[in-house]
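Please look at the model first.

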Amino acid sequence: MRRRDAALTLAAAAWLPSARAQGGPVEGRQYARLTQPLPGEPGKVEVVEFFFYLCPHCFAFDPLLEAWVHQLPADVSFRRVPLGGTKMHQLHQRMFYTLQAMNALTPQVHSGIFNAIHRDRVELADEASIVALMGRLGVDTAKFKSTFNSFAIAPKMAQGPKLAELAGVETVPALVIGGRYRTSPSSAGTPGQSEQVHGQQAIAVADFLVKLSRGKG
C-alpha cells in the first residue's frame, strides 16, 4: 500500500460513525455545499486552500496538504489564497503574491515561511524582515523588493477576501473543491482528536469531493 493510501485509510477509519455508516462523508457535517457555485476552469476540478501564514492550524495542515497536492491527477488543479485583515496579514499577502508573480513560490519557500514564523519565531512585521527572510530562503531580494512595491500586487490582494466571502469561508484552513463544496480540518474531524487526524480526515473528504465534483453531484 502506498503511503498516501495508508494515510487516507487511517483518515477514513476515523470518520464519524454516521459517516462510516453511509459509506463516506456526510453533507452538512464533514462538508458543505456552496449556495452559489463558483466559476472554474472547464475540464478541471479546482481545489482552493484559504489560509494565512500566522495561523498555527494552517501550519499543522500544510505538510499533509502538500503531500496530497503532489499526487493530484491531471484533471485537478490547486491554488492557495492567503487571507487576513490585519496590517501584518496584508504584508504576508503581499509577500505571497510577490513570490507568485516572480514564479518563486516553490514548496520549499512556502514551507520555509511557515517554519520561520512558527518554529523559529521570526516576526515578519515589516518589509525589511520579509526581505531578510527571502534572502535566507534563496529568493532574489532585489527582484523581490521591486515586485513587492509594484502596483500589480494590490489588485491580487483584493481578490482573496471576495472569493472567501462567496465561498462562505469563515475560518482557516479551508478547502473549496470544484467550486461547489467546502471542507476543513475542523469540520471533517471529530472534537477531541489531534490536529494530525483532523488534517488526514480533511484530505480524505477532499478526495471524496474531487470524485463528487467530477460527477457534478
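With which residue does Glu27 form a salt bridge? The partner is Arg33, and the closest N and O atoms are 3.2 Å apart.

This is a predicted model: local features need pLDDT of at least 70, side-chain atom pairs count only at pLDDT 80 or more, and totals for chains, interfaces and linings use all residues. Residues are numbered from 1 along each chain as its sequence is written, and side-chain values use heavy atoms, with hydrogens and water left out.

**Salt bridges**

- The structure holds six salt bridges (a side-chain nitrogen of Lys or Arg within 4 Å of a carboxyl oxygen of Asp or Glu).
- (Buried means under 20% relative accessible area, exposed over 50%, partly exposed in between, with a 1.4 Å probe and protein chains only.)
- Glu49 forms a salt bridge with Arg80, with the closest N and O atoms 3.2 Å apart. This pair links distant parts of the chain: Glu49 lies in strand β2 (residues 45-51) and Arg80 in strand β3 (residues 76-82), 31 residues apart. (Helices, H or I with at least four residues, and strands, E with at least two, are DSSP runs numbered from the N terminus.)
- Arg80 also meets Glu66 in a salt bridge, at 2.8 Å from N to O. Glu66 sits in helix α3 (residues 56-69), 14 residues from Arg80.
- Glu49 is buried at 1% relative accessibility. Arg80 is buried at 14% relative accessible area, and Glu66 is buried as well.
- A network of salt bridges links Glu49, Asp62, Glu66 and Arg80.

**Cysteines**

- The count of disulfides is zero (a disulfide is a pair of cysteine sulfur atoms within 2.5 Å).
- Cys55 is buried, with a relative accessible area of 3%. Cys58 is buried, at 0%.

**Helix packing**

- Two packed helices are described by the angle between their axes and the distance between the axes.
- Helix α4 (residues 87-101) and helix α7 (residues 141-148) pack at an angle of about 120°, with their axes 9 Å apart. (Axes are lines fitted to C-alpha atoms, for helices over the stretch in contact, and angles run from 0 to 180 degrees between N-to-C directions.)
- On the α4 side, the contact includes Leu91, Arg94 and Met95. On the α7 side, Phe144, Thr147 and Phe148 make the contact (heavy atoms within 4.5 Å).
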